[in-house]
Amino acid sequence: MAVTHLKKGKPDAERREDDAQVREVVEATLKDIELNGDAALRALSEKFDKYSPDSFRLSQGEIDALMSKVSDRDMADIRFAQEQVRKFAQAQRDSMLDIEVEPMPGVILGHKNIPVQSVGCYVPGGKFPMVASAHMSVATASVAGVPRIIACTPPFKGEPNPAVIAAMHLGGAHEIYVLGGIQGIGAMAIGTETIDPVHMLVGPGNAFVAEAKRQLFGRVGIDLFAGPTETMVIADDTVDGEICATDLLGQAEHGYNSPAVLVTNSRKLADDTLAEIDRILDILPTADTARKSWEDYGEVILCETYDDMLAVADEIASEHVQIMTDRDDWFLENMTCYGALFLGPRTNVANGDKVIGTNHTLPTKKAGRYTGGLWVGKFLKTHSYQKITTDEAAADIGAYCSRLCLLEGFVGHAEQANLRVRRYGGLNIPYGEPAPYKDAAE
């Protein structure tokens with residue numbers, strides 16, 4: 001495979017060192033919340049957000065007052081985006097069917113898709129008010145039928161952000177708390193004197209939020225292990241450097257450590273994109289953040305063939321993959337490891353982030369190798385059940401079960417089966433002995 005790195009990002013070893021520092025801070029903070037409850041939340045909120053209200057939970061009156069500050073046009077846009085998300089989530093939900101089959105006479109097997117009973121949705125908002133994240137988590141959980149949805153978001157410039165609160169409320173949140181960072185995640189998962197814990201946590205966030213979810217996984221469910229936003233542009237000479245640079249920097253502005261990678265088979269496009277990145281960084285209002293991300297985590301990878309581009313893309317397994325080539329559908333058919341694909345120059349990652357209807361909470365740090373992103377199915381638990389309705393089926397299944405249990409040495413298991421064979425099959429099997437084969441019994 002002929003691959004040349006024209007620009008490399010920060011070495012993996014340095015990234016892991018950053019992760020270790022975050023891990024220590026999160027561990028200590030979660031322990032503080034567990035030991036001190038509401039007092040810890042207040043101290044953390046005062047320290048990090050300079051915010052200390054009478055109650056972190058918003059009353060309906062406070063929600064109404066905040067929503068009244070959102071312009072009619074902004075509210076219409078929020079409603080439109082949520083309608084897109086709900087439509088797609090509902091179509092996904094409709095594809096998930098409860099089933100019941102009878103693989104042999106008298107044996108009934110099935111499964112039911114049951115909503116998680118309580119979910120905590122984290123909506124980032126300290127640096128940028130992430131209105132769209134409320135659609136992705138709260139509205140999708142609502143479509144799944146989750147009976148208790150609580151949502152946390154940090155204050156924005158010292159106050160609850162009206163648009164974020166509106167999106168949470170319209171999305172279907174039953175409880176809304178103005179709590180950010182580790183304290184928001186800890187409050188929802190651990191619980192305090194005034195906040196009942198949830199069964200599952202979802203939603204994106206910074207490195208501290210992601211690490212808090214990782215440490216709490218097992219105690220509660222989570223949507224996925226998410227790191228900083230990642231974007232990849234796969235492009236050939238059918239597009240130009242301006243569109244590639246714009247799509248890369250459009251995601252690099254998320255944070256100081258957001259990887260942005262160009263994979264191309266065109267040296268001219270690679271050079272043009274690098275030049276355009278320098279030009280755009282001189283005029284981009286968020287250049288301080290985007291420039292740091294690009295300097296430390298930006299990459300340009302030059303490949304010889306489309307097969308090489310595909311192999312590189314699957315190895316990196318980026319969160320967002322923007323494909324702009326003469327064979328976009330070929331990549332759709334053949335790519336296996338990614339968060340979400342954005343096909344063709346008319347499409348872009350910001351569409352998916354904000355409005356088009358697919359979910360923007362997606363796997364990062366190569367997690368696209370083993371999981372997809374947040375979707376309505378993440379809020380549903382598929383539980384199986386079984387039922388035997390005839391004596392003959394009880395005896396037949398019991399006989400197989402008896403022998404297979406004893407093959408493994410489990411006498412107590414075997415007796416569960418033998419008891420049914422005796423009662424429903426009329427065979428007098430000695431205790432701890434395998435049931436006879438059917439032809440032998442006859």
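**A buried ring and its surroundings**

At 0% relative accessibility, F331 counts as buried. Buried means under 20% relative accessible area, exposed means over 50%, and partly exposed lies in between, with a 1.4 Å probe and protein chains only. This is a predicted model, in which local features need pLDDT of at least 70 and side-chain atom pairs count only at pLDDT 80 or more, while totals for chains, interfaces and linings use all residues. Residues are numbered from 1 along each chain as its sequence is written, and side-chain values use heavy atoms, with hydrogens and water left out.

Step back to the whole chain. Buried residues make up 51% of its 442 residues. The C-alpha trace spans about 85 × 60 × 45 Å along its principal axes. The chain has 16 helices and 14 strands. Both are DSSP runs numbered from the N terminus: helices are H or I with at least four residues, and strands are E with at least two.

Now return to the rings. The whole structure holds four aromatic pairs. Rings of Phe, Tyr and Trp (its six-membered ring) pair if their centres lie within 6.5 Å; planes under 30 degrees apart count as stacked, over 60 as edge-to-face and the rest as tilted. Take Y51 and F56. Their ring centres are 6.4 Å apart and their planes meet at 50°, so this pair is tilted. Y51 is buried, at 11% relative accessible area. F56 is buried too, at 9%.

Which kind of pair do W330 and F331 form? Their centres lie 5.0 Å apart and their planes stand at 85°, so the pair is edge-to-face. W330 is partly exposed, with 27% relative accessibility, whereas F331 is buried.

K7 lies over the face of W294, at 5.0 Å from the ring centre. R403 lies over the face of Y400, also at 5.0 Å from the ring centre.

Grid points are joined across faces, edges and corners, and a volume is the space filled by probe spheres set on the points.

The second largest pocket holds about 360 Å³ of space. It has 24 lining residues, with F88, A340, T358, N359 and L362 nearest its centre. Which element gives the most to this lining? It is α3, with four residues. Domain 1 (17-223) and domain 2 (228-373) each supply at least three lining residues; these bounds come from an automatic or database domain assignment. The lining has eleven nonpolar, 13 polar and no charged residues. Here Ala, Val, Leu, Ile, Met, Phe, Trp, Tyr, Cys and Pro count as nonpolar, Asp, Glu, Lys and Arg as charged, and the others, Gly among them, as polar.

The structure has one cavity of 30 Å³ or more. The largest cavity has a volume of about 40 Å³. Its lining includes A340, T358, N359 and L362. β13 and α13 each give two or more residues to that lining.

Methods:
1 Å grid on protein atoms, 1.4 Å probe; cavity = no way out; pocket = protein on both sides within 12 Å on 5 of 7 lines; lining within 4 Å. Lys NZ or Arg CZ within 6 Å of the ring centre and 35° of its normal.
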